[in-house]
Amino acid sequence: MGNLGIIFRRELASYFSTPLAYIFIVIFLITNGIFTFELGGFFLRGQADLLPFFSFHPWLYLFMVPAIAMTLWADERKTGTIELLLTLPIRLADAVLGKFLAAWALTGIALALTFPIWITVNYLGEPDNGVIVAAYLGSWFMAGGFLAIGSCMSAATKNSVIAFILTVSLCFLFVIMGSPILLEAFPDWLPQTVVDAFAAMGFLTHYDSISKGVLDIRDFLFFAVFIGAWLVASAIVIEIKKAN
Amino acid sequence: MIEITHLSKRFEQFTAVDDLSFKVVEGEVLGFLGPNGAGKSTTMKIITGFLAPSAGSVKVDGHDLADDALAAKALMGYLPEGAPSYGDMTTLDFLRFVAEVRGFKGEELVQRVSRVLAEVELESVALQKIETLSKGFKRRVGLAQAIMHDPKVLILDEPTDGLDPNQKQHVRELIKNLARDKIVIISTHILEEVSAVCTRAVIIANGKLVADGTPSELEASSQYHHAVSVRLTSDYDIAADLASVDGIAGVEVDADDAHEVRVLASGGRSIYAQISKIAQEKQWPVDELHVSRGQLEDVFKQVTAGGVSHG
């Protein structure tokens, strides 16, 4: 097994060797339930789809994902294990990616454990399961985007609370970038291309179309590139910051 | 062989390592000495590839850290300062992780891990989480991961810091046993440790190399080497009797006790016979007369305060 896999397994195991993973999963599931059934009016809508479930995910991730991401590198630096990790014969890329993938797998596990709601909607009606699968994937990719930002912020500081706050702020920015409220606030004299480019960077722009079943490979590509870019940034920040 | 050539590391505010060059060959146990903040840890971090130097190069067995870091890292075992390890893992899991990264698999991995567990006496805490261990055990976990792959080069940043005297002794024995055919670099500010385990000592101050030699060579470069200590029973002006004698660099009277006098030899010559003859001739009121060896501590003080270079 390559070093990527070794790091991935160690990181994932370490989530489950502390209460962190369990707390994360339980709170994720409870909050999802509240959002979907109480706020989203899952039953009242009378429609066999999971739109209310998925439409809350950006807001749920906004606080849940940075909580996982904040320790990714900040703790390594705080405890000094970064020195151990990076003097082992491991490529920095493997370390960055392995850690990211482990955290991403944890969000994936939490997301997968919402399966009862999928069963419920299939029991109650005849939803378009293709749309639901796509929406699950889109949701997971968006979580990856949040995590990649968090990885970079966590690399930038020894203090995981600061990493959390920075990550939430940046994620919030990327969530609302595509929202109409923000776009309407732009002054008229701005060229349309600027507004479009801004909107194109927003998570909601891409996530909304995925969760509604509009399957466009470009939306997934956006998240993939977004994740890649932030992970490269993480590696650069680690290189610069590890000396302090 | 480790070759360090014109190594410098500058941070924004200060220069931690300043044009440092030296070589270490197989079989040497190099004691790396210096006051706090002299650049010991920074140098070790550069050698192990954690930090990139601002200038200069480090080669480990011909592998340049700048462009062949993975090969160089594979040859080295490193105990960073403070012996960091993943606290939420058990000792066994942590060592298994390190063994996997070091490329061991299956039966060999199991054997490696159990061998280092035995070597540093960690079997009793193998299944405990590292964060629950005492300082001494944590240090040993750090040592265990460093020696996992029987590395050619072992770099230990203050390996005995925070250990009790018995544990210190144990770690020193371990280092001595490991040292055969290897390169070991130990940073420490415990000078007795250098005499006990090192075959060579390098002293740095303000990032510069100020002394380099075997511990006994360094001791010999002390101004107190071959000095004769005289303990008098009553007041007597020894300096007056020695004023015209060759080979004497000076006479020091102890600040706390005027009856304790040290006669310093010039140029490392032995002056005991001379002094004892004069003492008899002049009938010094002597209680005790003995030769003192140079102390590493004196050399350390001399070179790190004054910045004078030695042998």
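Helix 9 of chain A is mostly tucked away, with 22 of its 28 residues buried. The model here is a predicted one. This helix covers residues 129-156, and its length checks out: at 1.5 Å a residue, 28 residues should span 40 Å, and the end C-alpha atoms sit 41 Å apart, which agrees. As for how side chains are arranged around a helix like this, an α-helix has 3.6 residues a turn, so residues three or four places apart point the same way.

Over in chain B, the domain assignment gives two pieces, domain 1 (2-220) and domain 2 (227-292). The C-alpha centres of domain 1 and domain 2 of chain B are 44 Å from each other.

Chain B also meets chain A. Here 19 residues of chain B are in contact with 19 residues of chain A. Helix 2 (69-75) of chain B supplies at least two residues of the side that touches chain A, and so does helix 3 (91-101) of chain B. Sorted by class, that side of chain B has 12 nonpolar residues, 4 polar ones and 3 charged ones.

Next comes the sheet. In chain B, 4 strands make an open sheet with antiparallel pairing, and they run in the order 2-1-4-5. Strand 2 (15-24) and strand 5 (63-64) of chain B are the edge strands, each pairing on one side only. Strand 1 (residues 2-10) of chain B is joined to strand 2 of chain B by 6 bridges in the antiparallel sense. In strand 2 of chain B, Val17(B) is the residue that stands opposite Lys9(B).

Most residues other than glycine have a negative phi. His6(B), though not a glycine, has a positive phi, near 45 degrees. His6(B) counts as exposed because it has 12 C-beta neighbours inside 10 Å, and the cut-off for exposed is 12 or fewer.

Glu158(B) has a positive phi too, near 50 degrees, and is likewise a residue other than glycine. Glu158(B) is found in the loop between strand 7 (153-157) and helix 6 (165-178) of chain B. With 23 C-beta neighbours inside 10 Å, Glu158(B) counts as buried, since buried calls for 20 or more.

Note on methods. Residues numbered from 1 in each chain as written. Chains lettered and ligands numbered in written order. Predicted model: local features only at pLDDT ≥ 70, side-chain atom pairs only at ≥ 80, totals over all residues. Pairing = 2+ DSSP bridges. Expected span 1.5 Å × (residues − 1). Domains from an automatic or database assignment. Contact = placed C-beta atoms within 7 Å. Nonpolar A, V, L, I, M, F, W, Y, C, P; charged D, E, K, R; others polar.
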